[in-house]
Amino acid sequence: MKRNFWLIVAAVTAVALLLLNVFLTFQNTRQLNEDARWVAHTHKVISELEGLRSLTADAETGVRGFIITGENRYLEPYDDATNAIKGKVDEAEIAMADDPIQRARFPRLREHIEKRWRTLGEVLTTRKNSGFDAARQEVLTDRGRMEMDALRLLVGEMIRHEEDLLVQRAASSERTYRAALLTGMLSGLLALIAILARFLLVNRHMKASKNAAAVIAEQAERLRTTLASIGDGVITTDKDGLTTNLNSVAESLTGWKNEDAVGQKLDKVFHTVNEKTRDPLTNPAMRALREGVIVGLANHTVLISKDGTERPIDDSAAPIRRKEGEIVGCVLVFRDVSERRLQSDALEDRVRIRTAELAAANEDLQRSNFELEQFASVASHDLQEPLRKIQAFGDRLNSKFGDQLTGQGTEYLERILASADRMRRLIDDLLSFSRVTTKAQPYVLTDLALVVQEAISDLEGRIEQTGGRVEADHLPTIDADPSQMRQVFQNLVANGLKFHRPDEPPVVKIRSRMTSGLGADGQEVEFCEIIVEDNGIGFEETYLDRIFELFQRLHGRDEYEGTGMGLAICRKIVERHGGAITAKSKPGEGSAFIVMLPVRQITEG
């Protein structure tokens with residue numbers, strides 16, 4: 001009876017252990033498959049987002065090429081991106097349908113893409129209809145760059161979110177792998193003990209022992225299959241740093257077959273050097289075994305395979321622990337980053353080429369500016385000499401014979417003097433524009449409140465003549481050229497006084513506020529936003545692109561004096577200071593000119 005009791009106990013124990021082993025194998029395998037599926041899913045999502053970013057960059061490049069050359073063949077990337085972008089967004093949204101955080105970002109993503117495509121379309125239309133200079137001025141408004149930065153920022157947030165998920169899911173897969181390894185070893189050991197006990201008790205239990213061994217072998221095979229399905233290279237070692245397993249990706253990257261690598265020192269199978277110095281690198285797996293921490297690969301790591309092929313790689317190594325914390329081995333996970341490196345190198349090449357092109361363009365601009373200054377100086381000298389004679393003799397004719405003239409004679413003399421005065425103002429404005437374009441004083445701390453008061457003082461006669469009023473709120477101190485800032489505010493206030501409605505005196509208000517935005521180098525910059533607002537006749541905003549061009553006058557030449565150069569001079573000065581100027585207006589409801597100036601900037605010499 002006692003013997004039967006122990007036989008029953010041994011049988012029950014063996015069956016229980018086998019069932020537990022099968023259950024754990026099933027659970028661990030299912031979890032590893034699930035983790036692998038999620039990791040692959042996350043890689044796919046990141047790929048979709050990278051595709052979106054690549055499409056927008058291709059479209060941007062195509063439009064720039066067309067703007068510069070005017071040749072339609074440069075629009076092929078833009079057309080391809082336009083045709084593909086909606087489908088890419090839809091694919092990405094479907095791929096991220098399981099993530100509520102990402103789903104919530106898609107309305108903003110579509111809005112940014114639509115806005116950017118709309119702006120690109122407007123620039124293309126401007127280039128086709130109005131030429132390179134008009135398109136260039138539209139690009140210089142910085143609207144397109146800010147839209148592209150916003151789109152890149154949003155896509156970057158989405159990619160970082162997916163990368164965080166990838167880290168979490170890879171960690172989950174690693175934890176599952178550890179659990180699978182530990183539970184497999186433990187259950188296998190217990191099963192072996194039970195089988196040996198049964199063997200000692202009765203010879204007829206040998207068949208059950210063989211079946212248990214087969215189950216263990218099947219479990220190991222399933223584990224190897226799971227490792228083979230992971231997209232990265234995976235190498236496992238024992239606690240002494242000897243290789244125990246390579247998945248198929250690791251075999252491909254190292255050039256070692258699994259059966260040849262098992263039992264070899266990891267340094268021999270996984271041979272890495274520094275890409276720049278060619279010095280051998282400390283194997284991260286050995287440090288993970290020694291210190292019991294997760295270790296990332298050093299920068300510029302190159303893996304040298306068995307046949308001498310070199311590949312840049314990255315990733316990490318982590319210790320494998322038993323439940324009680326004892327380190328029993330290490331897992332090394334790595335990937336080939338050759339393609340990413342090529343893309344990075346290609347980007348650096350494009351940046352170098354673009355920098356050289358910009359330097360050449362800047363040299364041409366400086367040469368053109370010098371020629372413009374020379375031309376303006378010569379033209380003003382040659383034109384002012386006969387102009388002074390016209391004015392002098394006209395004044396003498398008026399003083400000596402003006403009272404003898406009547407009718408058309410008086411009218412003709414007045415027209416001569418008025419035209420001479422207009423020519424003098426036109427020459428002065430042309431000289432001012434050339435000086436703004438070619439010369440700049442060093443920037444100093446400039447009190448804009450004082451500058452505005454000086455500009456108002458210069459316009460006292462016109463303010464009294466029109467019965468107008470100029471009000472200015474508190475204005476800050478910024479780095480600027482004081483004389484050029486004075487010219488900007490004098491021109492803007494003078495326009496507010498000049499283009500007033502006949503039914504009420506002009507009122508010009510100047511106010512400011514501090515804000516922030518992206519500067520020319522892409523860094524966050526503090527800006528001063530100054531608004532010069534009037535109650536005048538206003539204008540249609542469809543003419544907004546024209547009013548800052550040379551010799552552009554939206555209102556009748558006889559009704560309002562002026563040369564059409566004041567706002568062009570303002571824009572040149574503001575842009576030289578790293579800022580921007582625009583306007584808002586409606587006919588009959590006044591105008592508001594908005595000047596954006598950086599508070600701090602590098603002083604020009």
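## Close-up views of the predicted model

**View 1. Strand 1 and strand 7 (residues 327–336) pair in the antiparallel sense over 6 bridges.** The model is predicted: local features require pLDDT of at least 70 and side-chain atom pairs count only at pLDDT 80 or more, whereas totals for chains, interfaces and linings use all residues. Residues are numbered from 1 along each chain as its sequence is written, and side-chain values use heavy atoms, with hydrogens and water left out. Helices (H or I, at least four residues) and strands (E, at least two) are DSSP runs numbered from the N terminus, and two strands pair if DSSP finds at least two bridges between them. Within the pairing, Ile235 has Leu332 of strand 7 as its bridge partner. Of the 6 residues of strand 1 (residues 233–238), 5 are buried, so this strand is largely enclosed by the rest of the structure. Buried here means under 20% relative accessible area, exposed over 50%, and partly exposed in between (1.4 Å probe, protein chains only).

**View 2. Strand 1 also runs antiparallel to strand 2 (residues 243–246), to which 3 bridges join it.** Opposite Thr236 stands Asn245 of strand 2. The hairpin of these two strands has 4 residues between the strands, and Gly241 takes a positive phi near 80° in this hairpin.

**View 3. A salt bridge joins Asp232 to Arg335, with 3.0 Å between the closest N and O atoms.** This pair links distant parts of the chain, 103 residues apart: Asp232 is in the loop between helix 6 (206–229) and strand 1, and Arg335 is in strand 7. A salt bridge is defined as a side-chain nitrogen of Lys or Arg within 4 Å of a carboxyl oxygen of Asp or Glu. Asp232 is buried, at a relative accessible area of 14%, whereas Arg335 is partly exposed at 25% relative accessibility.

**View 4. Glu93 and Arg110 meet through their side chains in a salt bridge (2.4 Å, N to O).** Glu93 belongs to helix 2 (residues 76–95) and Arg110 to helix 3 (residues 100–130), so the pair ties together parts that are 17 residues apart in sequence. Both side chains belong to partly exposed residues: the relative accessible area is 29% for Glu93 and 25% for Arg110. The structure holds 22 salt bridges.

**View 5. Glu454 and Arg486 form a salt bridge whose closest N and O atoms are 3.7 Å apart.** Distant parts of the chain are linked by this pair, with Glu454 in helix 13 (residues 448–458) and Arg486 in helix 15 (residues 482–498), 32 residues apart. Glu454 counts as partly exposed at 32% relative accessibility, and Arg486 counts as partly exposed at 28%. Elsewhere, salt bridges that share partners join Lys86, Asp90, Glu93 and Arg110 into one network.

**View 6. The largest nonpolar core has 38 residues, and Leu492 and Ile530 have the most contacts inside it.** Helix 15 gives the most to this core, with 7 residues. A nonpolar core is a set of buried Ala, Val, Leu, Ile, Met, Phe, Trp, Tyr and Cys residues joined through side-chain atoms within 4.5 Å. Neighbours within four places in sequence aside, Leu492 is in contact (heavy atoms within 4.5 Å) with Val532, Leu567, Cys570, Ile581, Phe593 and Val595. A second, separate core of 33 residues includes Val89, Ala95, Val123 and Leu166.

**View 7. Helix 17 (residues 566–576) has several buried residues, among them Leu567 and Cys570.** Also buried in this helix are Ala568, Ile569, Arg571, Ile573 and Val574. Just after helix 17, Gly578 takes a positive phi of about 80°.

**View 8. Leu186, Leu189, Leu190 and Ile193 make a nonpolar surface patch of about 370 Å².** Patches are made of residues with over 30% relative accessible area and no salt bridge, like charges being joined within 9 Å and nonpolar side chains (Val, Leu, Ile, Met, Phe, Trp, Tyr) within 5 Å. Leu186 lies in helix 5 (residues 143–201) and is exposed, with a relative accessible area of 52%. An α-helix has 3.6 residues a turn, so residues three or four places apart point the same way. The protein exposes about 34000 Å², of which carbon and sulfur atoms supply 55%. Accessible areas come from the Shrake-Rupley method with a 1.4 Å probe; for residues, only the protein chains shown count as cover.
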